[in-house]
Amino acid sequence: MRAWKPTIQSIYGLLGGSQRSTKELDDALGDIQEAMLTALGQAGAKSFPGVARRIQYADDLQTLWYLRGDLMAALADLHGEVHARETMRDISAQFQGMLPKGLTTRSSPLGK
């Protein structure tokens, strides 16, 4: 009988993480990075090079999840808060089903 050898993916799954394949997670990472960089645009990348660089070189979905605040601040500065919130709502939706349950956004009575 083979002994169970824990891996990062199996531990992540036990902690309530995504049961997605590595390819699905890699595809999602690329798609979300692209969406975030597109939202920032060339003007934003020029004005906020650190944000653009951190998004471009993020190596996992959790890192991108935490970069949403930086992107929101940059977009609000560039286009106003209303536009930034709408853009971030669309980007945040792309994370659905890809992160552990504790990292997802929860509905708030304040957002209504």
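Let's start with Thr-87, which has its place in helix 5. This is a predicted model, and the protein in it comes to five helices and zero strands. Read from the N terminus on, the elements go α-α-α-α-α. Of the 112 residues, 32% count as buried, and Thr-87 is one of the buried ones, with 15% relative accessibility.

**Thr-87 up close**

- The side chain of Thr-87 reaches back to the backbone oxygen of His-83, at 3.0 Å.
- Thr-87 and His-83 both sit on the helix 5 side of the contact with helix 4.
- Leaving out residues up to four places away in sequence, Thr-87 touches Ala-39 and Leu-75.
- Why does Thr-87 count as buried? The cut-off for buried is under 20% relative accessible area, and Thr-87 has 15% relative accessibility, so it falls in that class.

**Helix 4 against helix 5**

- Two packed helices are described by the angle between their axes and the distance between the axes.
- For helix 4 (residues 61-79) and helix 5 (residues 81-93), the angle is about 150° and the axes are 7 Å apart.
- That angle makes helix 4 roughly antiparallel to helix 5, since the cut-off for that label is over 145 degrees.
- Helix 4 and helix 5 have a right-handed crossing.
- Which residues of helix 4 meet helix 5? They are Trp-65, Arg-68, Leu-71, Met-72, Leu-75, Ala-76 and His-79.
- From helix 5, the partners are Glu-81, His-83, Ala-84, Arg-85, Thr-87, Met-88, Ile-91 and Ser-92.
- Sorted by class, the contact of helix 4 with helix 5 has eight nonpolar, four polar and three charged residues.

**Helix 2 against helix 3**

- Helix 2 (residues 22-47) packs with helix 3 (residues 49-56) at an angle of about 155°, and their axes are 9 Å apart.
- Helix 2 and helix 3 are therefore roughly antiparallel to each other.
- The crossing of helix 2 past helix 3 is left-handed.
- On the helix 2 side, the contact uses Gln-33, Met-36, Leu-37, Leu-40, Ala-45, Lys-46 and Ser-47.
- On the helix 3 side, Pro-49, Val-51, Ala-52, Ile-55 and Gln-56 take part.
- By class, the contact of helix 2 with helix 3 comes to eight nonpolar residues, three polar and one charged.
- Helix 3 has Gly-50, Val-51, Ala-52 and Ile-55 as its buried residues.
- What do the buried residues of helix 3 pack against? Their partners are helix 2 and helix 4.

**Gln-33, a buried residue of helix 2**

- Gln-33 lies in helix 2 and, at 13% relative accessibility, counts as buried.
- Where does the side chain of Gln-33 reach at 2.9 Å? It goes to the backbone oxygen of Ile-55.
- The side chain of Gln-33 also reaches the backbone oxygen of Gln-56, here at 3.1 Å.
- Not counting residues up to four places away in sequence, Gln-33 touches Ile-55, Gln-56, Tyr-57, Ala-58 and Leu-64.
- Gln-33 and Ala-58 are 25 residues apart in sequence, and their C-alpha atoms are 8.1 Å apart in space.

**Asp-77, an exposed residue of helix 4**

- Asp-77 has its place in helix 4.
- Buried or exposed, what is Asp-77? Asp-77 is exposed, with a relative accessible area of 59%.
- Along the chain, Asp-77 and Gly-44 are 33 residues apart, and 9.3 Å separates their C-alpha atoms.

**Contacts across the whole chain**

- Taking the contacts in the protein with a separation of 6 or more, 64% are between residues 24 or more positions apart.

Key:
Residues numbered from 1 in each chain as written. Predicted model: local features only at pLDDT ≥ 70, side-chain atom pairs only at ≥ 80, totals over all residues. Heavy atoms only, no water. Axes fitted to C-alpha atoms, helices over the stretch in contact; angles between N-to-C directions. Helix = DSSP H or I, 4+ residues; strand = E, 2+ residues; numbered from the N terminus. Parallel < 35°, antiparallel > 145°, perpendicular 65-115°, else oblique. Left-handed = near helix turned anticlockwise from the far one by under 90°. Contact = heavy atoms within 4.5 Å. Nonpolar A, V, L, I, M, F, W, Y, C, P; charged D, E, K, R; others polar. Buried < 20%, exposed > 50% of the residue type's maximum accessible area, 1.4 Å probe, protein only. Polar contact = N/O pair within 3.5 Å; in protein donor to acceptor, adjacent residues only side chain to side chain.
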